[in-house]
Amino acid sequence: QPSGGTLTPPSNASPAAVLAQYLRDQGRDEATVRSIAEVSRGSSRNGIAQGRYEQRVGGLPVYGTYAKAAFNSRGELVSLIENFVSVPAAVASARVSAQQAIDAAVKNLYPDLTGRAGFFRNPPSATRVAIPQADGSMSVGYLVETWTDRTNELNETLVGGDGAILNVELRTNNDSYNVFTNNPNVTPQAIVFGPAPSTSAPSQLGWLGTGGQKTTNIG
């Protein structure tokens, strides 16, 4: 039996095996347990080691699923945060290609875009993922990454196997800087947001000149 404050008894098994057995004991079916994969394992700190896990089905990551587990020096599971989903008997294939998914994501984000040359920092890419549905089914779709050059917008768009846009996540931080937009003798200091205007350089790089710089003591 687990000791006080732990979820599992002491064990010499690997953390992944301990987690798998715990999930079985909680009533998870074998297909779901077998889908759990370790992503990373941290070194022990104060006797506690942290591990990160995800679900994979048919070699594909299951979108949005993860777990964070903590184990003590006796191999006991002491805490667990997870949102694993049940794995169905079959996963529906995608009816659109990766390129069609990319085209759908770009059109959704930038409907007025007429040409992609020079617009993106890197060519948009699509990664196949398994997408869990509300009714318990699962289908193959794509996670499309787009990263613009001038505006430095990094987006991840989830595209369903039928080409539908399911979710868009902006991964770029909203940054601001306290700068003199000209120089301290001409303009007051002000808060500005994002990249400097009229430049393709992202964030603070757009606010720094390439020539000699002047330092002024303003008290």
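The legends below describe close-up views of a predicted model.

Residue numbers count from 1 along each chain as its sequence is written. In this predicted model, local features need pLDDT of at least 70, side-chain atom pairs count only at pLDDT 80 or more, and totals for chains, interfaces and linings use all residues, while side-chain values use heavy atoms, with hydrogens and water left out.

**View 1. The whole chain and its elements.** The chain holds 3 helices and 11 strands, where helices (H or I, at least four residues) and strands (E, at least two) are DSSP runs numbered from the N terminus. Their order from the N terminus is α-α-β-β-β-β-β-α-β-β-β-β-β-β. Of its 219 residues, 32% count as buried, meaning under 20% relative accessible area with a 1.4 Å probe, protein chains only. The accessible surface (Shrake-Rupley method, 1.4 Å probe) is about 13,200 Å², and carbon and sulfur atoms account for 48% of it. Of the contacts (heavy atoms within 4.5 Å) between residues at least 6 apart in sequence, 43% join residues at least 24 apart.

**View 2. Strand 8 and its cover.** In strand 8 (residues 154-159), 6 of 6 residues are buried. Leu154, Glu156 and Leu158 lie on one side, and Asn155, Thr157 and Val159 on the other.

View 3. Strands pair if DSSP finds at least two bridges between them. Strand 7 (residues 138-148) runs antiparallel to strand 8, with 6 bridges joining them; Tyr142 stands opposite Val159. Their hairpin has 5 residues between the strands, and Asn152 in this hairpin takes a positive phi near 55°. Strand 9 (residues 165-170) pairs with strand 8 over 5 bridges, also in the antiparallel sense, and here Thr157 stands opposite Val168. The hairpin of strand 8 and strand 9 has 5 residues between the strands, with Gly163 at a positive phi near 90°.

**View 4. The second largest pocket.** This pocket has a volume of about 260 Å³. Its lining has 13 residues, and those closest to the centre are Glu54, Pro61, Val62, Gly64 and Thr65. Strand 2 (48-57) and strand 6 (120-132) are the elements that give two or more residues to the lining, and strand 2 has the largest share with 3 residues. The lining divides into 8 nonpolar, 3 polar and 2 charged residues. A pocket is an open set of points on a 1 Å grid over the protein atoms alone, where a 1.4 Å probe fits, with protein on both sides within 12 Å along at least five of seven lines; lining residues have an atom within 4 Å of a point.

Key: Buried < 20%, exposed > 50% of the residue type's maximum accessible area, 1.4 Å probe, protein only. Points joined across faces, edges and corners; volume = space filled by probe spheres on them. Nonpolar A, V, L, I, M, F, W, Y, C, P; charged D, E, K, R; others polar.
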